[in-house]
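Subject: Structure handover

Hi,

Here is the structure I promised to pass on.

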Amino acid sequence: MSSDFESYEQDFAVLTAEITGRIGKVPKLVGDEKKQMVANVERQLEEARELLEQMELEVREIPPQSRGMYSSRMRSYKQEMGKLEADFKRSRIAYSDEVRNELLGDDGNSSENQLIKLREERAHLLDNTERLERSSRRLEAGYQIAVETGHTDFFTATTFLTSPVSCWTLSVLALPKGVAVEQR
């Protein structure tokens, strides 16, 4: 039983090496070459999945006392298969002008459309910048008023506290309740 499993392992290793090499080529290809390579990789990925299924059936046939080692190898192979599928998915869209054009909606008049779009965005940015500058000036003016008002309040408070009337008022407020005070 284990010899069949090991044979499947060798086939899986060769197949995954081929798939990895082809996945690396996919982003560099265009047109029909790319479509053909993608179809070949998809076919090989399906073969690899079938090999994994066969290996899993073989593991089920192995006696329970030796099954643990083979089960851990199967988990490893499944993880490798998942990684290959993810890499393949990324490679199909990497550097692909067709996909980029499809996503961006380019239809041949892209340079004129982009120029118009850029001009509209620039005008919108300029409007927002002007609005931001006006708001900033209003905030600065409000801050100046607050600062001036704060200085005026400070000036008023110091004048009140240094006048004779205010000193008498403060001294009265500082006395305990019930004490009579005469004003001079």
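The side chains of R90 and D87 come together in a salt bridge, at 2.4 Å from N to O (a salt bridge being a side-chain nitrogen of Lys or Arg within 4 Å of a carboxyl oxygen of Asp or Glu). Both sit in helix α3, three residues apart, so about one helical turn separates them. Helices here are DSSP runs of H or I with at least four residues, numbered from the N terminus. D87 counts as partly exposed, with a relative accessibility of 22%; that label covers everything between buried (under 20% relative accessible area) and exposed (over 50%), using a 1.4 Å probe and protein chains only.

Before I go on, some ground rules: this is a predicted model, where local features need pLDDT of at least 70 and side-chain atom pairs count only at pLDDT 80 or more, while totals for chains, interfaces and linings use all residues. Residues are numbered from 1 along each chain as its sequence is written, and side-chain values use heavy atoms, leaving out hydrogens and water.

Back to the salt bridges: a search of the whole structure turns up six. One of them joins E9 and R73, at 2.7 Å from N to O. This pair links distant parts of the chain, with E9 in helix α1 and R73 in helix α3, 64 residues apart. E9 is buried, at 9% relative accessible area, whereas R73 is partly exposed at 25%.

Another salt bridge runs between E46 and R49, whose closest N and O atoms are 2.7 Å apart. These two are three residues apart in helix α2, about one turn of the helix. As a reminder, an α-helix has 3.6 residues a turn, so residues three or four places apart point the same way. E46 is partly exposed, at 38% relative accessibility, and R49 is partly exposed too, at 31%.

Next, the aromatics. The whole structure holds two aromatic pairs, meaning rings of Phe, Tyr and Trp (its six-membered ring) with centres within 6.5 Å; planes under 30 degrees apart are stacked, over 60 edge-to-face, and the rest tilted. F5 and Y70 make an edge-to-face pair, 4.9 Å centre to centre with 80° between the planes. F5 belongs to helix α1 and Y70 to helix α3, so the pair ties together parts that are 65 residues apart in sequence. Both F5 and Y70 are buried.

What about the core? The largest nonpolar core has 23 residues, and F12 and I19 have the most contacts inside it. (A nonpolar core is a set of buried Ala, Val, Leu, Ile, Met, Phe, Trp, Tyr and Cys residues joined through side-chain atoms within 4.5 Å.) Two or more residues each come from α1 (2-25), α2 and α3 (64-93), and α2 gives the most, with nine. Neighbours within four places in sequence aside, I19 is in contact (heavy atoms within 4.5 Å) with V41, Q44, L45, A48 and L84.

Leaving aside neighbours within four places in sequence, S91 is in contact with I23, V26 and P27.

Cheers
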